[in-house]
Amino acid sequence: MSGNVRLLDDTLAEAKAEGRAALIAYLPAGFPTVDGGIAAVKAALDGGADVVEVGLPHSDPVLDGPVIQTADDIALRGGLKIADVMRTVREAHAATGKPILVMTYWNPIDRYGVERFTAELAEAGGAGCILPDLPVQESALWREHADKHGLATVFVVAPSSKDERLAEITAAGSGFVYAASLMGVTGTRESVGAQAEDLVRRTRATTDTPVCVGLGVSNAAQAAEVAGFADGVIVGSAFVKRMLDAPDAAAGVEGVRALAADLAKGVRGQA
């Protein structure tokens, strides 16, 4: 069974045709429970997200800040397995018809088996993977299996990336390029900064693949700012914080839905 990289491509192209950036939400699988995480992903998509990245919680999350680390810890202590991540992708995609990616560090895939992971993700209807710690020069095996199963390979670029390195990364990736807006870990911030706009400009000079910006976006005004120069706006910690701060799981899901609706206005310039 083939994955949904084409659905991802079409979704991003459709947003561009509408003259706006796509809204991409990040939520970890298994938080606060597997069922609760699935409900949250569906709520983000129903609220207005175009795409969701489902996080595969990991014990050593080098890119994730304290908010997402807290959620990951809850998921891992709850006994989350890769099968639960696949179930989250399957049920969210089946319910909404929208593209779902998995964001994961390399070690869990390496231990699980690349062929097994890509085959199961495609079978679940997944659109691809974001791999923040897999070096491009070590990615041939992953890309071979991802291509075979119709999955996107999304790499992360940073403000520190030199132009020749950007060209190497974008030539190997597909789906979109994840542009980290600043050096550091995920989390909400007061401003996204000029570094992000410069990084998008330099990345676009190397590729026609959409460039989406994450790290630091937490409200509609910031989403609107980033949407002014990027093809997509990625929001993670703000969604997770809504759930962590909620008095109960149901309120957390409604908080995710409301934030998605607010951010969807932002990427459309209606904030």
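A residue is buried under 20% relative accessible area, exposed over 50%, and partly exposed in between, using a 1.4 Å probe and protein chains only. Aspartate 163 is partly exposed, with a relative accessible area of 46%. Arginine 202 is buried, at 12%.

The model here is predicted: local features need pLDDT of at least 70, side-chain atom pairs count only at pLDDT 80 or more, and totals for chains, interfaces and linings use all residues. Residues are numbered from 1 along each chain as its sequence is written, and side-chain values use heavy atoms, with hydrogens and water left out.

Now join the two residues. Aspartate 163 and arginine 202 form a salt bridge (a side-chain nitrogen of Lys or Arg within 4 Å of a carboxyl oxygen of Asp or Glu). Their closest N and O atoms are 2.6 Å apart. Aspartate 163 sits in helix 8 (residues 163–172) and arginine 202 in helix 9 (residues 194–204), so the pair ties together parts that are 39 residues apart in sequence. Helices here are DSSP runs of H or I, at least four residues long, numbered from the N terminus.

Arginine 202 also forms a salt bridge with aspartate 198, with closest N and O atoms 3.4 Å apart. Both lie in helix 9, four residues apart, about one turn of the helix. Aspartate 198 is partly exposed, at 32%. Asp163, Asp198, Arg201 and Arg202 are linked in a network of salt bridges.

Helix 8 holds another pair. Arginine 165 and glutamate 168 meet in a salt bridge at 3.1 Å, N to O. They are three residues apart. Arginine 165 is partly exposed at 28%, and glutamate 168 is partly exposed at 37%. The whole structure has 16 salt bridges.

A pocket is an open set of points on a 1 Å grid over the protein atoms alone, where a 1.4 Å probe fits, with protein on both sides within 12 Å along at least five of seven lines; lining residues have an atom within 4 Å of a point. The largest pocket holds about 260 Å³. Leu56, His58 and Arg111 are among the residues that line this pocket. Helix 5 (106–112) gives the most to the lining, with three residues.

The second largest pocket holds about 200 Å³. Of its 13 lining residues, Lys16, Arg204, Asp208, Pro210 and Asp231 lie nearest its centre. Helix 1 (residues 5–17) gives the most to this lining, with three residues.

Methods: Points joined across faces, edges and corners; volume = space filled by probe spheres on them. Helix = DSSP H or I, 4+ residues; strand = E, 2+ residues; numbered from the N terminus.
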